[in-house]
Amino acid sequence: MESRHCLAAASVIFSQAGQVPSAEDNETEQDQQDLRQRRAEIARCWIKYCLNLLQSARKLLEDNIGELDPDRQLELKAQRKKEEDEKEKGRKKAVLFGTSDICDSVLAMEEKVSSVYPLDFQEAREIFLVGQNYVQEAKEFFQVDGYVTDHIEIVQDHSALFKVLAFFEEDYERRCKMHKRRIDMLEPIYADLNPQYYLLISRQLQFELADTYYEMMDLKVAIGNRLEELDSHTIKKINSLAQLAIKYYELFLDSLRNPDKVFPEELEEDVLRPAMVAKFHIARLYGKLITSDSKKQLENMQTSLEYYTFLVDYCEKYPDAVRAVETELELSKEMVGLLPTRMERLRAKLCPFI
């Protein structure tokens, strides 16, 4: 509530500052440019406000597999109803900025966006739309020509707004479309970026694109599981999304190689978790590829096993890494135990034909 109040006050004062004539009333082009920049910077703060509000709500509402927990949702809605009256009393005692005119303007500004955690899609969408409007406002000033890093950060925030809104969406198809919007905004930026000068941003985009394709693939698999039989279109879509996710994870992992194209023996702490998660997800993605060709299936399982094994071996060699990937390591150990048996069964079926 207080951060919203400060931002609303900043917006109101700024809108008035833009109208106040200077002593000689001959603002330079530089003054105008500074004002435009300040306006865009306030817009960026509003984007962060909306994003943080949505992400904090997600943490409150998600279950142990990262999906929305309906029981928790009902519990929080009931709790909020009780607290609302108390909050209103406290609100009247809060420190407010300025004269009554300014107070009225600030209050009007505040009413445009909630300060309580959204608990369903409708509430989340209202906050998302406010954030999205500020994205457009910030991008007007921070254009890709001249403000590459700022522009990309704003686009990444826009993508993050879609990602967290998708969490509240129950319809898998619509959720998929939201992730597709993220792909459409991130891929062109990544394609135009020179990793030689923007290595860190390039890696962030590779990982985010991989994660987004991975999420879409998972959603398509969930949609497919509801069908009596997978049709060729769904199979093609699942495979295509899985391969695109693999492509971007591999690009990310390749960016960690040294000039001789050798993968590091020991990973730096800042890339340890993303690199291990990329390896784990690639292993899982090879296991999700659908093919009627048993030899191809065997090859995919072999590749999958190699990636799971990398994770297990690395953590044995560097025990400090275990903390960063506990869940992934546990599942990898399980798969390293299971896959060879499955592969043997498949080989036994293939034997008569080889």
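From the N terminus on, the elements of the chain run α-α-α-α-α-α-α-α-α-α-α-α. The model is predicted: local features need pLDDT of at least 70, side-chain atom pairs count only at pLDDT 80 or more, and totals for chains, interfaces and linings use all residues. Residues are numbered from 1 along each chain as its sequence is written, and side-chain values use heavy atoms, leaving out hydrogens and water.

**Exercise 1.** State how many helices and strands the chain has.

*Solution.* Begin with the definition: helices (H or I, at least four residues) and strands (E, at least two) are DSSP runs, numbered from the N terminus. On this basis the chain has 12 helices and 0 strands.

**Exercise 2.** Determine where Lys261 lies and whether Lys261 is buried or exposed.

*Solution.* First, locate the residue: Lys261 belongs to the loop between α9 (232–254) and α10 (269–288). Next, apply the cut-offs: buried means under 20% relative accessible area, exposed over 50%, partly exposed in between (1.4 Å probe, protein chains only). With a relative accessible area of 62%, Lys261 is exposed. Finally, consider the backbone: phi of Lys261 is near 65°, a positive value in a residue other than glycine.

**Exercise 3.** Place Asp320 in the chain and describe its exposure.

*Solution.* Asp320 is found in the loop between α11 (294–317) and α12 (326–350). Its relative accessible area is 63%, so Asp320 is exposed.

**Exercise 4.** Find what share of the residues counts as buried.

*Solution.* The chain has 354 residues, and 41% of them count as buried.
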